[in-house]
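Here is a briefing for a reader new to this structure.

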Amino acid sequence: MAGIMLKRHSWIAALLMVAGCAQAPERPERVVEPRPTTVNAARGSVLLQRTMLAGHNRARGDVGAPPLTWSEPLAVAAKGYADTMARTGRFEHAAQSLGMDRQGENLWTGTRGAYRFDEMIGHWVAERKDFVNLPVPQSSRTGRWQDVGHYTQIVWRGTTQVGCALASNATDDYLVCRYAPPGNVMGQVAY
């Protein structure tokens, strides 16, 4: 009788273990991009500001939107949130109020030191291939406005200022750009 009970408990324990494993979501394998060099990409706040402002304004110029100016207060807010993501490893948009102090936000992450600043903004601008200048949320050929949301924030005609910052942890870079006034307003077109 004790042997049967032991077998039953072993079987139940094994079943619970399998069920527990099935419920625990596995994190995707971390992919590290192949690099042609072991030298890290150039960094620095002056280079970041110059590259981000030039990349934003080039994209805006392509569609006839007026250029953005750099905002140090937006850059400070971006730095605070980039630091938070680097510390926690959580890549998600910041919780913000829906009031007048709301800022637009673009986020990017990649392997630490592997990407140049122009490549980072280039990923956002590349969303242009799926963009149609219709009211948000109909602004994407894919049917998902989120597929073009970085690009539309960059070229949003009503946006006048940008500020960006980068933070890193042991494995990843986190770029945050903040915008005022924010873009991607439901029911409105980018330009």
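**The largest pocket**

The largest pocket holds about 440 Å³ of space. Of its 17 lining residues, His-93, Arg-102, Glu-105, Trp-145 and Asn-184 are the closest to its centre. The model is predicted: local features need pLDDT of at least 70, side-chain atom pairs count only at pLDDT 80 or more, and totals for chains, interfaces and linings use all residues. Residues are numbered from 1 along each chain as its sequence is written, and side-chain values use heavy atoms, leaving out hydrogens and water.

*Pocket terms and lining*

- A pocket is an open set of points on a 1 Å grid over the protein atoms alone, where a 1.4 Å probe fits, with protein on both sides within 12 Å along at least five of seven lines; lining residues have an atom within 4 Å of a point.
- Grid points are joined across faces, edges and corners, and the volume is the space filled by probe spheres set on the points.
- The lining divides into 4 nonpolar, 11 polar and 2 charged residues. Here Ala, Val, Leu, Ile, Met, Phe, Trp, Tyr, Cys and Pro count as nonpolar, Asp, Glu, Lys and Arg as charged, and the others, Gly among them, as polar.
- β2 (104–111) and α5 (149–155) each supply at least two lining residues.

*Nonpolar cores*

- A nonpolar core is a set of buried Ala, Val, Leu, Ile, Met, Phe, Trp, Tyr and Cys residues joined through side-chain atoms within 4.5 Å. Buried means under 20% relative accessible area (1.4 Å probe, protein chains only).
- The largest core has 30 residues, and Met-52, Met-120 and Trp-124 are among those with the most contacts inside it.
- α4 gives the most to this core, with 5 residues.
- A second, separate core has 11 residues, including Tyr-81 and Tyr-174.

*Gln-153*

- Gln-153 lies in helix α5. Its relative accessible area is 2%, so Gln-153 is buried.
- A polar atom of the Gln-153 side chain lies 2.8 Å from the backbone nitrogen of Gly-183.
- Leaving aside neighbours within four places in sequence, Gln-153 is in contact (heavy atoms within 4.5 Å) with residues including Glu-105, Tyr-179 and Asn-184.

*Overall fold*

- The protein has 5 helices and 4 strands. These are DSSP runs, numbered from the N terminus: helices are H or I with at least four residues, strands E with at least two.
- From the N terminus on, the order is α-α-β-α-β-α-α-β-β.
- Of the 191 residues, 37% count as buried.

Terms used. Buried means under 20% relative accessible area, exposed over 50%, partly exposed in between (1.4 Å probe, protein chains only). A polar contact is a pair of N or O atoms within 3.5 Å; within protein, one must be able to donate a hydrogen and the other to accept it, and residues adjacent in sequence count only if both atoms are side-chain atoms.
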